[in-house]
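Hi there,

Here is the structure I promised to pass on to you. Have a look at it first, and then read my notes below.

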Number of protein chains: 4
Amino acid sequence: MKPEPRTFTTRLRVRYAETDQMGVVYHANYLIWFEVGRVEMLRALGFAYQRLESEEDCVLPVVEVNCRYRAPARYDEELTLETRLIASRGSVLKFGYALLRPEPPGIGDAARGTLLAEAVTTHVVVDRSLRKRSLPAAYAAVLAEALMPAPEDPMPDRLSGDRRSDTEQGGG
Amino acid sequence: MKPEPRTFTTRLRVRYAETDQMGVVYHANYLIWFEVGRVEMLRALGFAYQRLESEEDCVLPVVEVNCRYRAPARYDEELTLETRLIASRGSVLKFGYALLRPEPPGIGDAARGTLLAEAVTTHVVVDRSLRKRSLPAAYAAVLAEALMPAPEDPMPDRLSGDRRSDTEQGGG
Amino acid sequence: MKPEPRTFTTRLRVRYAETDQMGVVYHANYLIWFEVGRVEMLRALGFAYQRLESEEDCVLPVVEVNCRYRAPARYDEELTLETRLIASRGSVLKFGYALLRPEPPGIGDAARGTLLAEAVTTHVVVDRSLRKRSLPAAYAAVLAEALMPAPEDPMPDRLSGDRRSDTEQGGG
Amino acid sequence: MKPEPRTFTTRLRVRYAETDQMGVVYHANYLIWFEVGRVEMLRALGFAYQRLESEEDCVLPVVEVNCRYRAPARYDEELTLETRLIASRGSVLKFGYALLRPEPPGIGDAARGTLLAEAVTTHVVVDRSLRKRSLPAAYAAVLAEALMPAPEDPMPDRLSGDRRSDTEQGGG
């Protein structure tokens, strides 16, 4: 069985501003949270996204988003966002996300809680003039590490379907 | 050849608040624009989304978003958003979007300008307690009409690949 | 009696994304609308804010906001935003806003509808490095004109209390 | 000298979505942060804003915002938001905020860092139909406590000018 890439967990508290009159979180805000998860994952890897942009003239705009909303998120809930790098090849990066609401014992998935959303975002590496370029080598090395399994994390992965085919080409 | 559903066009002016420090529109804001296009399309059909919600206890949350970003949108640009209903079956609706920047002659697609993004959103019909239900008959009839081609609009469609398979099942 | 500066009117449709779970527009979004009113006022005067920024290295960040919320705005309402320049002296500009919901005869102010919010924003003229500078002369001339009363607009003004003291110093 | 009300501190990380093309945080987003500070302050006091709304039919809409922007906030900065209740009388509450960027020794205020913004928001207590009401007694008692000085916090306060006149009437 193929090893899983490392998962990075971020905690998010739902803001009032993020709700809409349906009484749940407005769907576009999930994309903002995924950005938070992505940046925090990179930070945990020692990868300063802000410096990549300001010092290396390198930005990672989103070129594709695919998101499935499974259950509503609500005001003031404290959520768990799991982020992982699922592909890195050439100028293209893909991240996978699982947004979860931790639950008391007996509700949802015992280990992780209720799955609220799953998503994949695709990014291209460009300079600030939006011309395609490659990642600086030091940053690429950090990302290669993120594609490796964490020794302490043999957990199966809900995003693996999408991830598996990507990392076959991209995990090298 | 299968007929195309009707296309509804909305104009949008990019707000300063919608940009980010990359100097382009932040990607989550496109989802807000798609919502505008959807509501304006329904309004053009005589379908008051606000009344559907307040009088019929019927809301249409997004359960899936797929969006491809082709070219950046920038501050103060006046954009064209083309929206169409691409499927309506049971409690599920799908809308397709093409976001375009009109161009002077000689740039981009002569007829429509530069394509900035393409997307599909999937919605379920639920009541305010988020239990699945079906659309009130009067509203369903309006949507059935939107799946029909406009007599005056034989234009080919960039979203057709996705649409075609959906309407095969859903266009009846 | 002192003459009133010209008033510029913008129409806004409330987006679903702008509501919150209280069922009304989230208060921070009014500031985004005021920005729209400001830019549209400048455009009506032939003043391209986007070019001021990209060609003249001149931006107008907000340094102070004062806003009173009088009545809630709701989803899908079509609102009227009245904007006027109420002071322009040196590197400081002040704009006043009245947000209104047009009403059928007999509700609210006969002429203008229900007042939803009033606000003043203060701006400084800076370059992109955020160093204080003055407006290019051509733009300053346009703003001086905006402080003049419109010949066809002798309407009294709900924002006049705040405006009057400012224009005494700034209207010259 | 009048004692100071307690100060509650919240940490915020600037999100990419919160920046604009000026390369700094868009000004409307500060209002969203103030809401976060307010709710976290209430939570620290044992006051569950979410339950106030869902169980007590009691909401606290903003009726006035006054905000001064002193220095720009930038992407990825970790900021400190100080929140305090500065008045509570009848159905009206006022909160004061100081947003700060902690600095290395030698930059800005030694104790607190650089002041980025100061603000006051005014709220009315209403039910969900937006009719004025008073706070449930248990919640009012918690707020009365927040107006008291913290024994361990004799720190002078930049927001005190505004606060002082309010608490003279409201601190009882």
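This is a predicted model: local features need pLDDT of at least 70, side-chain atom pairs count only at pLDDT 80 or more; totals for chains, interfaces and linings use all residues.

Residues are numbered from 1 along each chain as its sequence is written, chains are lettered from A and ligands numbered from 1 in the order in which they are written, and side-chain values use heavy atoms, leaving out hydrogens and water.

Over all chains there are 56 salt bridges (a side-chain nitrogen of Lys or Arg within 4 Å of a carboxyl oxygen of Asp or Glu).

One of them pairs B:E77 with B:R101, with the closest N and O atoms 3.2 Å apart. B:E77 sits in the loop between β2 (62-69) and β3 (78-89) of chain B and B:R101 in strand β4 (residues 92-101), so the bridge ties together parts 24 residues apart in sequence (strands are DSSP runs of E, at least two residues, numbered from the N terminus). Both residues are buried (under 20% relative accessible area with a 1.4 Å probe, protein chains only; exposed is over 50%, partly exposed in between).

In chain C, C:R70 and C:E118 meet at 2.8 Å, N to O. Because C:R70 is in the loop between β2 (62-69) and β3 (78-89) and C:E118 in strand β5 (residues 114-124), this pair links parts 48 residues apart in sequence. C:R70 is partly exposed at 47% relative accessibility, whereas C:E118 is buried at 12%.

Finally, shared partners in salt bridges join A:R13, A:D76, A:E78, D:E40 and D:R43 into one network.

Best wishes

Notes. Helices (H or I, at least four residues) and strands (E, at least two) are DSSP runs, numbered from the N terminus.
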